[in-house]
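Let's take a friendly walk through a protein model together. Have the sequence and the 3D view ready, and look for each part as we come to it.

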Amino acid sequence: NKNIKSSAAIISATDLKKRIQHHLNSTLGDRVICEDAYKNTPQNKQAYWQATSLALNEIIIDKLQASKVQQAKSATKSINYLSLEYLMGRLLSNNLHNLNLYKSTEKALKSLGFDLADLCEEGADLALGNGGLGRLAACFLDSLATLDYNAMGYGIHYQHGLFKQSFKDGHQIEQPDMWREFGSPWEICRPEATQLIPVYGYVEQQAQTDGSLTSVWRAGKMLKGVPWDIPIVGYNSSTVNALRLWECRADSAFDWDTLNQGDYLQAHHDQVNAETVSKVLYPNDEHDAGNELRFIQQYFFCACSIKDIISRYQLQFGPLTQATSRNFADKVAIQLNDTHPTIAILELMRVLLDEYDFSWQNAWQLAGKVFSYTNHTLLPEALEKWSVSLFEHVLPRHLTILYRINEAFLNDEVNAMWPNNEAMRARLSIIEEGEQRKVRMAHLCVITSHKVNGVAQIHSDLVKKDLFPEFNQLWPEKLTNVTNGITPRRWLKSCNPLLSELLSKHVDDDWAKNLNSLSSLSPLADNASFQKKFMAIKHQNKVALTTEIKTLTGIDVSPEAIFDVQIKRLHEYKRQHLNLLHILALYRRLLADPDLPMQPRVFIFGAKAAPGYQLAKEIIYATNKIAEKINNDTRIQDKLKVVFLPNYRVSLAEKIIPAADVSEQISTAGKEASGTGNMKLALNGAVTIGTLDGANIEIAEEVGDDNIFIFGLTVDEVKALDIKGYNPYHFYETNNEIKACLDWLDTDYFTPGRAGELSSIKQSFLEGGDPYKVLADFESYSDAQQALGVAYQDKKRWAKMAILNTALMGKFNSDRSIEDYVKNIWFLTPSV
Ligand code: 26M
């Protein structure tokens with residue numbers, strides 16, 4: 001094993017150079033223009049990026065094969081992570097770091113006249129996800145390979161990932177993401193693992209010889225799932241796993257011969273139809289019960305993955321039968337990343353019953369052993385409920401299985417605990433009765449899974465107390481917590497090379513693996529010379545971001561200012577508009593007293609709004625308009641700047657995070673399940689201003705109250721306020737600053753000649769009832785901001801806080817999260 005581990009390390013710069021040149025000349029068909037004048041054209045840089053990636057992927061694929069052999073030899077249990085989303089970002093730099101080949105590749109490229117860091121910028125982000133949930137999946141894959149676990153990620157090979165965002169006169173414009181228009185050097189197509197997936201049709205009752213009836217599904221259409229593998233390279237480990245993404249195509253044999261005999265053109269239309277299944281990632285975080293295509297996406301990917309899991313199992317361990325089903329559960333674990341892949345439960349049941357002749361009892365027992373489910377949100381609008389009629393239309397056989405699961409659950413388990421309790425049956429049933437009957441996907445997940453976890457302690461507590469109290473009564477051991485984490489490889493080592501180098505000088509251990517060892521820096525937090533070095537790096541990173549801001553927006557900012565950062569999807573519960581309201585207040589204070597003593601501040605936003613989320617788009621527009629006014633107002637002497645960076649994504653986060661002084665984590669308490677940006681920013685030495693919500697609470701526990709700025713209502717206070725009846729007008733009428741700032745939005749001050757354009761935000765606070773308690777938390781937030789500004793001016797105090805934040809983030813290593821899953825949910829052993 002040690003040999004596999006070191007094989008990559010011994011590849012020299014000279015060797016790498018040869019490999020890169022080979023791909024330039026052969027694979028890419030000599031696409032490079034060699035004359036010096038053309039050397040650094042975009043076309044050439046793209047070609048060199050591609051050749052470098054191809055050369056690296058060759059080395060990676062060798063390790064992938066070796067890992068497969070090792071995993072087969074050790075016969076270890078595997079975890080199959082099912083997720084509709086993976087936000088992988090760029091792969092070149094990360095893969096080089098994880099293989100310890102960054103330096104030699106840098107050298108190789110230098111001798112060819114290119115800068116590696118510059119070339120890394122050529123790669124497109126793999127943006128196959130919306131936000132936190134998708135990025136978490138990517139961090140978990142990194143940790144699983146790093147810890148030598150046998151893991152497969154399953155997802156969809158979207159032709160278009162999350163839309164690209166630009167601004168036109170301050171409004172968000174969405175453009176398609178073309179990440180693989182000309183292919184991607186990281187993918188390996190696996191035609192031999194193609195799957196055929198039935199869909200639509202009807203269920204027939206067929207009499208057996210013994211007189212019993214069995215259900216036979218006559219499908220109306222076949223889809224073809226073609227897998228593409230992206231290798232996942234562990235950090236300083238011998239393991240390379242795969243992320244397997246399914247592309248949907250028409251099953252030409254089926255459609256052309258059976259359905260459309262003689263109708264050549266119709267057959268082509270069917271092909272186009274099938275391809276829409278993996279065409280685009282839905283850019284929502286809200287559920288739409290009527291969206292048939294999204295439903296088919298979920299089913300298609302679950303069905304492909306379940307079939308693949310079974311065929312991989314059989315290849316290694318022999319036939320799957322009732323007799324060997326215990327072995328299957330010993331070798332296979334399946335994690336559901338939210339309820340999006342719930343249909344995998346029904347599909348496994350269907351396959352076992354209809355294709356492997358399992359008894360109901362055996363199939364159900366097996367499902368309970370292999371599945372577990374992670375909940376990522378308490379927001380009611382995000383909880384998935386598909387209409388029964390849609391289910392019946394698309395998956396008639398799965399619906400009959402679902403009914404049987406529900407019946408057994410209600411008659412046996414619910415009735416035993418609450419005998420003859422109709423109200424309880426209605427509450428816990430997988431089916432929600434009503435005008436439109438609906439399937440509650442989360443209920444199916446909880447009823448089937450052996451473990452259900454939330455993603456931060458407070459969130460998991462709320463899952464037990466508020467979301468599923470009865471399930472928790474039924475099965476007290478089932479609901480549990482696994483606090484989220486982030487990979488320190490991407491979110492420190494690779495994105496912040498200057499800080500990484502400093503840390504390595506002062507910490508003996510390999511901190512990128514054992515992040516807890518950074519705590520040995522704590523004594524240095526007071527050390528003047530270390531403080532100086534640490535803050536000099538922060539300054540250098542800020543200078544770099546200053547340049548980026550200028551390029552992307554044309555705005556001049558000073559690295560001497562506080563860089564205050566809020567980067568995340570745009571949503572009312574995340575309260576970007578609380579931040580904005582405070583900016584308005586600061587601006588007003590400065591206009592009233594231009595000599596107000598105040599550390600200059602740059603407020604930096606990055607956020608995409610779901611294309612159909614009107615208010616979110618208006619918050620973006622308002623921020624852009626207010627920024628325009630403030631940034632060009634000479635009266636305030638550059639004390640305040642506002643920057644909204646377009647097209648926030650993983651690769652942009654990697655530039656912003658190392659340069660952040662302040663991390664805004666200001667969701668309404670009880671609404672943000674965990675947050676993971678909070679961890680990334682703190683790890684890079686940003687100080688958090690935040691509510692007692694999600695993982696902020698655990699971050700505060702780690703760094704201590706002196707090194708974080710906590711404000712606002714607690715979860716219990718929010719609940720109490722709701723019971724008492726929240727009246728936002730109270731704050732509007734009694735707080736002059738709030739009133740003035742909200743009334744400002746009605747004028748044409750920020751949108752000359754077009755008064756009223758920003759009024760919807762004010763309305764959401766007043767007529768709209770301020771559902772996320774922005775006005776209630778405003779004063780407390782403003783006070784915390786004030787205290788933070790004072791703290792920043794004490795350079796030593798601030799440096800100490802920043803250093804301690806970096807030093808004390810060990811808990812939030814995603815390796816720790818994975819070990820929690822392994823010990824309590826998956827029960828794996830490393831394959832090396
Ligand atoms: C729903 C319907 C249709 C299309 C897409 C969706 C959908 C997509 C993503 C719904 C929710 C999605 O993600 C939710 C999410 O990202 N949750 C976040 O998960 C993180 C990782 O656990 C947490 O840190 C965040 O607090 C939580 O908001």
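## A helix and its packing partners

We begin with helix H18, whose buried residues pack against strand E18 (452–454), helix H19 (469–474), strand E19 (479–481), helix H27 (696–703) and helix H28 (715–724). Keep in mind that you are looking at a predicted model.

Which residues of H18 are buried? They are Ile458, His459, Ser460, Val463, Lys464 and Leu467.

## Two domains side by side

Now zoom out. The domain assignment gives domain 1 (75–90 + 125–484 + 819–826) and domain 2 (488–810). Taken over C-alpha atoms, the centres of domain 1 and domain 2 are separated by 36 Å. Where the domains meet, 37 residues of domain 1 are in contact with 32 residues of domain 2.

On the side of domain 1 that touches domain 2, at least two residues each come from strand E2 (86–89), helix H7 (132–146), strand E5 (164–168), strand E6 (171–175) and helix H18 (457–467). The residues of this side of domain 1 divide into twelve nonpolar, 18 polar and seven charged.

## Around the ligand

Where does the shell around the ligand lie? Domain 1 and domain 2 both give residues to this shell, so it lies between them. Of the 22 residues around the ligand, Gly132, Leu133, Tyr282, Ala673 and Ser674 come nearest. Helix H7 provides the largest share of the shell, three residues. Sorted by class, the shell has six nonpolar, twelve polar and four charged residues.

## Lysine 680

In an unreviewed entry, UniProt lists Lys680 for "modified residue: N6-(pyridoxal phosphate)lysine". You can find lysine 680 in helix H26 (residues 677–683).

Is lysine 680 buried or exposed? Lysine 680 is buried, because 29 other C-beta atoms lie within 10 Å, and 20 or more is enough to count as buried. Not counting residues up to four places away in sequence, lysine 680 touches Ile486, Trp491 and Ile657.

Next, look for aspartate 285 in the loop between helix H9 (264–275) and helix H10 (292–317). Aspartate 285 is partly exposed, with 18 other C-beta atoms within 10 Å.

How far apart in space are aspartate 285 and glutamate 381? From C-alpha to C-alpha, aspartate 285 and glutamate 381 are 8.7 Å apart in space, while 96 residues apart in sequence. Leaving aside neighbours within four places in sequence, aspartate 285 is in contact with Asn130, Ala382, Arg569 and Ala610.

## A parallel sheet

Let's turn to a sheet. This open sheet of six strands has the order E22-E21-E20-E23-E24-E25, with parallel pairing. E22 and strand E25 (709–710) stand at the edges, each with a single partner strand, so one side of each is left without a neighbour in the sheet.

Strand E21 (residues 601–606) and E22 pair in the parallel sense over six bridges.

Strand E9 (residues 202–207) is hardly covered, since the count of buried residues among its six residues is zero. Six bridges join E9 to strand E10 (residues 213–218), and the two strands run antiparallel. Alanine 207 stands opposite leucine 213 in E10. The hairpin of E9 and E10 has five residues between the strands, and glycine 211 takes a positive phi near 90 degrees there.

## Positive phi without glycine

Most residues other than glycine have a negative phi. Aspartate 638 has a phi near 60 degrees, a positive value in a residue other than glycine. Aspartate 638 lies in the loop between helix H24 (614–631) and strand E22 (640–645), and is partly exposed, with 15 other C-beta atoms within 10 Å.

Asparagine 647 also has a positive phi, about 55 degrees, although it is not a glycine. Asparagine 647 is found in the loop between E22 and helix H25 (650–656). Asparagine 647 counts as partly exposed, with 19 C-beta neighbours inside 10 Å.

Terms used
Residues numbered from 1 in each chain as written. Predicted model: local features only at pLDDT ≥ 70, side-chain atom pairs only at ≥ 80, totals over all residues. UniProt positions renumbered as here; feature names shortened; annotations may be inferred. Helix = DSSP H or I, 4+ residues; strand = E, 2+ residues; numbered from the N terminus. Buried ≥ 20, exposed ≤ 12 C-beta atoms within 10 Å, placed from the backbone. Contact = placed C-beta atoms within 7 Å. Domains from an automatic or database assignment. Nonpolar A, V, L, I, M, F, W, Y, C, P; charged D, E, K, R; others polar. Near = placed C-beta within 6 Å. Pairing = 2+ DSSP bridges.
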